[in-house]
Each structure stands twice: as C-alpha cells, then as structure tokens.
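Dear colleague,

I am handing over the structure below, and my notes on what was found in it follow directly after. Please read them with the structure open beside you.

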Amino acid sequence: MTQSKPAAAAVATAPPAAAGARGPRRSVLFFAFAFAVIADPVSSVAYAIEAALRALHGDLALLLPTMSLVIALVVLVTANYWQLVRRFPKGGGAAAAAGRAFGARWTFLPIGALVVDFVLTIGISIAAAASAVIALFPGLAAWRIPLALLLLVVVAGLTWFGHGGRLLFAVMTVAFVLISIAVLVLGFTAPHTTGHAAATTDPGRSAVLAVVLAFPVAMALATGIEAPSTAIAQLGQLDDTHRRRFGRGTLALLLVIVGGLTLALTALAVRLHIGIPGTDSTQIADIAHAAAGPGWLYGTFQLTSSLLLLAAASSSFQAGPGLLKALSGTAERPGVLPPVLGRTNHHHTPYWSVVVYLAAAALIILAAAGQEQELVLFYAVAVFVSFLVGLLAMARFAHRERKTALAWLNGLAAVAVAFTLAVNLLRGWPMLSLAATLLIAVGLYARWTRAGRPTGIEDIEARAEAD
C-alpha cells in the first residue's frame, strides 16, 4: 500500500543500552527493526501476483515476465531510497528530499500521498486478511463485509494501546516467510495437486503490449519500499552511520525477500497451472492448497498470511495518526492541522486521528464490498506520486553535485515510475486516488500558509516517526 508505511517501530521496545551495544544486541535490534519494517511490503505479495494475473485476463504464460518487470522497477525505486537513506540518515524520506530540492511547498505533495497511502494500506490489508480467512473457512463468504469491518475495528482498537506490540510484526513476517518457503519447497518437489488453468488465454495478442499494460497494476508490490528511509528516525539511540547501515540493510533485505518470494510464488503458480481464483478464495491460497493440500501446512500458511496483513494494517494505523499528530503541532511549534488531532491517551496514541483513519478505511472497504482486488487499482497511484517526487529530487541533487551517472539513473527511474503512474491513471477510477492526494496536499499547503509558514515542514515525516 504505503507513501511510507513505517511499521517498524519494534525499536521502541529496545532499551538504549541494548541499542547502542555491539555484537549480538545490535543484531537483535536490527532483526526487530528490519523485519517489522518489511511486514508491509512482504504482505503485498498476498494480492499483487493475483492483481497481475487478472490484468492479464488469466494468461499464465505472461505472468512471470510481468512480475519480473515489476521486480525490476522495484529495484530501481529501491536504489533511489538507498540514496535517500545516505542523504537523510535522520529520516524524512521523499518529503525531506522534495522540500530541500524544490522548496518547502513541494513537501505537501508526498505528504498528501502518504495520507492516502495509509488509508489504502489499512483498507486493502484488512480486506485481504478477510479473504485469507474466507479461503480457509469458505462458510464465512456471505459475511465478508462484516468480517472485514470487525477486523478493522479490532486492529484500530489495539492501536489504542500504543506501540508496545510492534515486535510482533517482525515475528509475523519471519513466520510467513518460513511457511512460504516450506510451501514452495513442497510445491516444486512433491505438489499435492495441480490446477487446470490454460497456459495462455489469447495466443494471438501482443505479449509485449499485454505485459506493459498489466505490470503497473501489480506495482502495489512496491508500496512500503520507502518505509526504511523514514523509520530510521526511530533509531535515535544510534548515530548517523549506524542508522544508514540499518536503513540500507533493511532495504537490501526487503529486496531479497519480497523479490524472491514474488518470483518463486509466480513460478509455482505457472508450474501448477493456478489461474484466477474463485470468489471465495485467492490465488496465493490456491497456490498453497495445490502445493500442500488441505492439511496443517495450508492452514498455517493462511493463518500467517492473514496475521501479516493485519500487522501491515496496524502499522499504518500507528504511522498515519502519528503523521496527523505531527502536523497538528505542539505547544512550542505551531501546527498545520487542528490541535484536536494531536490529543493522546496515556499510551501516547492520538485517538481522534485513529478515528479519522478508521472512518476513512471503513468507507473504502464498504465501497469495494470487502474485495481487495477492487482496491489494488487505486493502491499504486498515491505512493507512485511520492516515488516520482523523490526521484526527481534525487536527480536534481545529483545534477547539482555533477554526479552524471547517478542523475541518469534517477532520471531513468523517474521515467519508469511516471509511465507506471500514467498507465494506472488511464484505467479511469484510480484518478480518484490522485485527486485525493492533490486535494489533501493543497489543503495542507493552504493551512500551512495561513499558519504563517512555520519552518521545519520538510522534516515532518522524521518527526512523526521519532515521536
């Protein structure tokens, strides 16, 4: 889902002494930080592959080339955030880059994208978690919307108790990865059964055109890539050098795990002829069922995937309200949003901001009838606006510093991101996501201007994470 979805705050549970120590303690801290941060992009595997297959109209022969192109673009975007971590070791992401490259007013574009992305991350993750439960218990299919809304309220309610449980995000991510590996090994060596989907549904059409038009839909997989560049603001107990190492190490781990799982599950889907699923299942559930059968491994796979998706929703339920709280200001620093959005309980949770995200997510879940695939089209729009702004900012920095090769790399990535964004917008309805991003950005800019243009707006993402 999402701009940033900084799930990562498992670090908040680590004492400063442990965080500053060498050896095993720092390794444990990195584990907690990295696997909590990547919970969101890893969870995107649950619906991104199916989204690509639906855009290909079930053409399995083109699924692996499509997802390979998706991973290639993920690599380009990750390379940009690798640079962002180096330049902004205290956090800040695309908002910090845009503000310093183009002026403070441009900060609001990635911030607007971030707000929309958080809402969509919550909505799509909750809907996908409900779908995972229904695939395991088909009798719940008639209760899809109530189930999704119930999960939404539960996750929002848990947010009331603050960030203490974030270490669980890391555990859920590791559990899903390990169970997925078991499913993949079994699927490639001794599958329970195979599907009946045809290798190709339209051999006469242009394969290149089909892939080019389909891959932008699956770029939902890229949401969450920016999380390490903002979440490193939580590592206040480390110096800049170690924050860079943590951020870049997390990006590398993200790329290996998300890219590896995506391509392996895609290849297994093609090998086992797993096509577009029925209304009461998902493609990733069908892959696991074909590989492992209906036994304990399949059940565990569905359970861990649903919990991981709920963890992704929970991370945005913490980070999104945290951003609104930062925008509402403090007694010492004037804010952009009304102070009521910054009011917190004794667990430091900005409860009115949580209510705002709860209402917005409930609305989009109802509008999509609880179907995550209906929301995927909107998902890779807002965050790609942020990607584009960040890439252009980094290209400008590279040009100023006469780093020609880096400027060309950033420029190439910006063109690829712009193309992806344009193709998604041409589908029509995703324009709503762009419109919401622009509306929020303009509204925040207007309030910032009326507040006297308080300084430091470029660092709002870093402040939100550090808080």
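Ala-360 counts as partly exposed because its relative accessibility is 26%, where buried means under 20% relative accessible area, exposed means over 50%, and partly exposed lies in between (1.4 Å probe, protein chains only). This residue, Ala-360, is found in helix H15, and helices here are DSSP runs (H or I, at least four residues), numbered from the N terminus, as are strands (E, at least two). Between the C-alpha atoms of Ala-360 and Glu-226, which are 134 residues apart along the chain, the separation is 23 Å.

Before going further, please note that this is a predicted model, in which local features need pLDDT of at least 70 and side-chain atom pairs count only at pLDDT 80 or more, while totals for chains, interfaces and linings use all residues. Residues are numbered from 1 along each chain as its sequence is written, and side-chain values use heavy atoms, with hydrogens and water left out.

On helix packing, two packed helices are described by the angle between their axes and the distance between the axes. The axes are lines fitted to C-alpha atoms, for helices over the stretch in contact, and the angles run from 0 to 180 degrees between N-to-C directions. Helix H8 (residues 144-159) and H15 have axes that come within 11 Å and cross at roughly 165°, and H8 and H15 are therefore roughly antiparallel to each other (angles over 145 degrees count as roughly antiparallel, under 35 as roughly parallel, 65 to 115 as roughly perpendicular and the rest as oblique). The crossing in which H8 passes H15 is right-handed, a crossing being right-handed if the near helix is turned clockwise from the far one by less than a right angle, and left-handed if anticlockwise.

A second pair is formed by helix H7 (residues 108-136) and helix H14 (residues 296-328), which pack at an angle of about 160° with their axes 8 Å apart. H7 and H14 are therefore also roughly antiparallel to each other, but their crossing is left-handed. The contact of H7 with H14 is made up of 21 nonpolar residues, eight polar ones and no charged ones, where Ala, Val, Leu, Ile, Met, Phe, Trp, Tyr, Cys and Pro count as nonpolar, Asp, Glu, Lys and Arg as charged, and the others, Gly among them, as polar. Within helix H7 one finds Ala-127, which counts as buried because its relative accessibility is 0%; the C-alpha atoms of Ala-127 and Ile-145, 18 residues apart along the chain, are separated by 8.4 Å.

H7 also takes part in the second largest pocket, to whose lining H7, H15, helix H16 (372-400) and helix H18 (431-450) each supply at least two residues. The space in this pocket is about 400 Å³, and 16 residues line it, with Leu-120, Ile-364, Leu-375, Phe-378 and Leu-432 nearest its centre. By class, the lining has 14 nonpolar residues, one polar and one charged. For the terms, a 1 Å grid over the protein atoms alone is used, on which a pocket is an open set of points with protein on both sides within 12 Å along at least five of seven lines, a 1.4 Å probe fits but cannot get out of a cavity, and lining residues have an atom within 4 Å of a point. Grid points are joined across faces, edges and corners, and a volume is the space filled by probe spheres set on the points.

Helix H13 (residues 283-292) is largely enclosed by the rest of the structure, because eight of its 10 residues are buried. Just after H13, Gly-293 takes a positive phi of about 80°.

Arg-402, in the loop between H16 and helix H17 (404-425), has a positive phi near 60° and counts as exposed at 75% relative accessibility. Arg-453, in the loop between H18 and helix H19 (460-466), has a positive phi of about 55° and is partly exposed, with a relative accessible area of 42%.

With best regards
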